[in-house]
Amino acid sequence: MLHHHEYFNGEGYPDGLAGEAINIGARIFAVADSFDALTSDRPYRRALDFMYAIETIKQGASSQYDPDIVKAFLEVMAQEVRQGA
């Protein structure tokens, strides 16, 4: 996905797009990809704690991520936690 590194505030790359100029799929993928990156083992570090990852995504709302996408993501994650997934 070409624009999933674009930041909602326009500070991302490759094209410096902002807000709704970023394809909705790319805005969704940016949140999902970031969460996966935070909660997965990497060659240079162990996976980070689930709640730490959630807080990191929350902190990025409106700057890095579309706040509406973050809100929907958090609702789904809360539902998952309630169901014990």
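The model is predicted, so to speak of local features a pLDDT of at least 70 is needed, side-chain atom pairs count only at pLDDT 80 or more, and totals for chains, interfaces and linings use all residues. Residues are numbered from 1 along each chain as its sequence is written, and side-chain values use heavy atoms, with hydrogens and water left out.

**How two helices pack**

- Two packed helices are described by the angle between their axes and the distance between the axes.
- Helix H1 covers residues 24-39 and helix H2 covers residues 50-60; they pack at an angle of about 145°, with axes 9 Å apart.
- Helices here are DSSP runs (H or I, at least four residues), numbered from the N terminus.
- An axis is a line fitted to C-alpha atoms, for helices over the stretch in contact, and angles run from 0 to 180 degrees between N-to-C directions.
- The crossing of H1 past H2 is right-handed; that word applies if the near helix is turned clockwise from the far one by less than a right angle, and left-handed if anticlockwise.
- On the H1 side, Val-31, Ser-34, Phe-35, Leu-38 and Thr-39 meet Phe-50, Ala-53, Ile-54, Thr-56 and Ile-57 of H2, where contact means heavy atoms within 4.5 Å.
- Sorted by class, this contact of H1 with H2 has seven nonpolar, three polar and no charged residues.
- In that sorting, Ala, Val, Leu, Ile, Met, Phe, Trp, Tyr, Cys and Pro count as nonpolar, Asp, Glu, Lys and Arg as charged, and the others, Gly among them, as polar.

**Aromatic rings**

- A pair of aromatic rings is described by the distance of the centres and the angle of the planes.
- Rings of Phe, Tyr and Trp (its six-membered ring) pair if their centres lie within 6.5 Å; planes under 30 degrees apart count as stacked, over 60 as edge-to-face and the rest as tilted.
- The count by this rule is two aromatic pairs.
- One of them joins Phe-35 and Phe-50 edge-to-face, at 5.7 Å centre to centre with 90° between the planes.
- This pair links distant parts of the chain, with Phe-35 in helix H1 and Phe-50 in helix H2, 15 residues apart.
- Ring pairs also tie Phe-35, Phe-50 and Phe-73 into a cluster.
- Phe-35 is buried at a relative accessible area of 13%, while Phe-50 is partly exposed at 31%.
- Buried means under 20% relative accessible area, exposed over 50%, and partly exposed in between (1.4 Å probe, protein chains only).

**The segment before H1**

- His-4 sits in the segment before H1 and is buried, with 17% relative accessibility.
- Leaving aside neighbours within four places in sequence, His-4 is in contact with Ala-26, Phe-29, Ala-30 and Asp-33.
- The side chains of His-4 and His-5 are joined by a polar contact of 3.1 Å.
- A polar contact is a pair of N or O atoms within 3.5 Å; within protein, one must be able to donate a hydrogen and the other to accept it, and residues adjacent in sequence count only if both atoms are side-chain atoms.
- Asn-9 also lies in the segment before H1, and its side chain reaches the backbone nitrogen of Glu-11 at 3.0 Å.
- Not counting residues up to four places away in sequence, Asn-9 touches Ala-18, Ser-62 and Ser-63.
- Pro-14 is found in the segment before H1, and a cis peptide bond with omega of about 15° joins Tyr-13 to Pro-14.

**Loops between the helices**

- Pro-43 lies in the loop between H1 and H2 and is exposed, with 86% relative accessibility.
- Ala-61 belongs to the loop between H2 and helix H3 (67-82); Ala-61 is partly exposed at 24%.
- Beyond its neighbours within four places in sequence, Ala-61 is in contact with Pro-67 and Val-70.
- Ser-62, in the loop between H2 and H3, has a phi near 80°, a positive value in a residue other than glycine.
- Asp-66 has its place in the loop between H2 and H3 and is buried, with a relative accessible area of 4%.
- The side chain of Asp-66 reaches the backbone nitrogen of Asp-68 at 2.8 Å.
- Asp-66 also touches Phe-8 and Arg-27, not counting residues up to four places away in sequence.

Key
Helix = DSSP H or I, 4+ residues; strand = E, 2+ residues; numbered from the N terminus.
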